[in-house]
Amino acid sequence: MTLSKDPLLQPYQLKHLTLKNRIMSTAHEPAYSEDGMPKDRYRLYHVEKAKGGIALTMTAGSAIVSEDSPPAFGNLYAYSDEIVPWLKKIADDCHEHGAAVMIQLTHLGRRTGWNKGDWLPVLSASPVREAAHRSFPKEIEEWDIERIVGDYASAAQRMQAAGLDGIEIEAYGHLLDSFWSPATNHRDDEYGGSLENRMRFSNMVLDAVRKAVGPDFIVGTRMVADEQWDIGLSKEEGIEIAKRFVASGKVDFLNIIRGHIDHDAHLTNVIPIQGMASSPHLDFAGEVRAATKFPVFHAARIADVATARHAIAEGKLDMVGMTRAHIADPHIVKKIIEGRESQIRPCVGATYCLDRIYEGGGALCIHNAATGREATIPHVISKTTGPIRKAVVVGAGPAGLEAARVLAERGHSVEVLEATGEAGGQILLAARNPRRREMIGIVDWRLSELERLGVPIHYNVFAEASDILERKPDLVVVATGGIAQNPVLEAGDELVVSSWDIIAGAIKPEGPVLLYDDNGAHTGMTAAEMIAATGTELEIVSPERMFAPEIGGMNHVPYAKAFAEKNVRVTINTRLKSVRREGNHLVAVLGSDFSETSFVERRVAQVVVEHGTLPTADLYLELKPMSRNLGAVDYKALIRQENPIRMRNREGQFDLLRIGDAVASRNIHAGIYDALRYGALF
């Protein structure tokens, strides 16, 4: 397909605004705000996508219009005049690269907490609690409605003053659509009952906004058109709302959502994660477009260019949202234009980005450590201006592969030594869970990049110091990872098996199984899910006060579903003390950190343990005295993104770095971040 005929690269006319192609990033809150303002980190995140060729970046998810809509996950303060110059800088910088900029406005309604912000009551159409944020909302009163309508109008004026290209009014899971849905609107006044009454508040908002910004400013809505809920908004009524908005002439586009988000389990149906269907609501969005004959935008796990191209080519969408895909690679459009689609870093659906947001952290991609760190970490690796080094990377897990990629992009001569016959490290374990097989994309993309860069990988080389020295390197990067370790037990260490044994298939589950997870991350839960899938009786025991604390709410869902369906017992606040053998069974002795006298016993056939990894550090320790820096790193220099290696041994032959789990048990992102932040400095 020639570029001139590529559906994704065709311009789109939205009112007076010409969008240069059909790809957008839909509104989402990366939680990069500072005091409710989109300062430099926030700005650079969006500017990077503009540099990458995107047509439209939608900021905020969502910017809040009122003080009694306190930030639930780093939301911007659209109610403050202070936001205008910050947004203007984002708009100006993105416009320089030809990208349009809009913002999503909302009152969160019940989708927040009363004990945040200024501790004002949470509002909703009716006092129906949302499970996800746990607040019991006050039933909104007429004086609330009056002031909030005014707040929307004032916020819209601020966005116009900032030079944004338009706004999008949020109506899914928030205040406005709480009036639409029979699940959340139990009113018997003029705001309840008939569809006309349930739309009254949103029509008041649109009227006020239009009066505030005039007829020419672009105003759209991101709206739920079917809650897929037996007690909620039906598809028929949702499409009717869309038709009425179109007929009113008050909106310029519809951004379509399907599903409801009052609980983590429901949220993943709206925003699917790995192991779930790709683009599950694309056809529905196309139905709305056909029914309304109006501009329709949509995003829901449209992660690959082929699906996006299909959505436009088949007339299902006018603008296609590739939001998480742009967190993984903000230069998607640029790579399409340059004929480099094969170099697009894939979104693997891990949803580390959103889980971090919902758990109170900023959005980070599991395998692009530059996202959210644009001020200090480059997305495009430049060639070094210093000497060309000969680098040896030991280990072809995610950290080692990333180190090799970055160093090769810098122009260095790189080779990789891998002890096994296959690259991937612990990702190979994660991908053995059929639901998480997309994780292998992290490895495959890097292998493809290393092939393009001409980096050799030598397999089945269990590297020793002699293997390194004979290559006469200037730089050695030890990325040997770690091995599964047992938790500290008073007795019975030899009687337990590791979660790795189960995942790798080296040991088959024998029930009943007690799985003791003293890590709370994916490895233990993956082993548990795989055990449960066999139908083996299983109890998960954790010393934590909450279940799997290293796994966010969205990734929690498929594990919890599997455990519920297989009747897995989950026990928290309980520590495995010891294991002993009695006849053909094992006896697991369980205690409590909260009581020194409380003990219970479980008779099981198998005890599986998960306690993170122990660094595979033998090679590093052997090489350390031979290195110029004796393995030491200047962390202050590293944080400033300056060369962190200092001469400590003038007899040394090379600089030595240790990254990823070879340092300590962490996660994939940490290892890749190590590799990128170090590698970009050489």
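Start by selecting strand 4 (56-64), helix 8, helix 11 (323-328) and helix 13: each of them gives at least two residues to the lining of the largest cavity. Keep in mind as you look around that this is a predicted model. Helix 11 makes the largest share of that lining, with 4 residues. The space inside the largest cavity comes to about 470 Å³. To find its centre, show Ala 27, His 28, Tyr 172, Arg 222 and Ile 271, the closest of the 33 lining residues. Colour the lining by class and you will get 19 nonpolar, 8 polar and 6 charged residues.

Next, go to the second largest cavity, with a volume of about 120 Å³. Select Arg 110, Gly 173, Asp 177, Thr 184 and Glu 227, which lie nearest its centre among 13 lining residues. Here the lining divides into 2 nonpolar, 6 polar and 5 charged residues.

Of its 20 lining residues, Ala 72, Lys 116, Ala 132, His 133 and Tyr 358 are the closest to the centre.

For the last stop, show the open sheet of 5 strands, paired in parallel in the order 15-14-13-16-27. At its edges are strand 15 (457-458) and strand 27 (655-658), each pairing on one side only. Zoom in on residues 390-394 and 413-417, where 5 bridges join strand 13 to strand 14; one of the pairs is Val 394 with Leu 417.

Definitions and conventions. Residues are numbered from 1 along each chain as its sequence is written. This is a predicted model: local features need pLDDT of at least 70, side-chain atom pairs count only at pLDDT 80 or more; totals for chains, interfaces and linings use all residues. Side-chain values use heavy atoms; hydrogens and water are left out. Two strands pair if DSSP finds at least two bridges between them. On a 1 Å grid over the protein atoms alone, a cavity is a set of points where a 1.4 Å probe fits but cannot get out, and a pocket is an open set with protein on both sides within 12 Å along at least five of seven lines; lining residues have an atom within 4 Å of a point. Grid points are joined across faces, edges and corners, and a volume is the space filled by probe spheres set on the points. Ala, Val, Leu, Ile, Met, Phe, Trp, Tyr, Cys and Pro count as nonpolar, Asp, Glu, Lys and Arg as charged, and the others, Gly among them, as polar.
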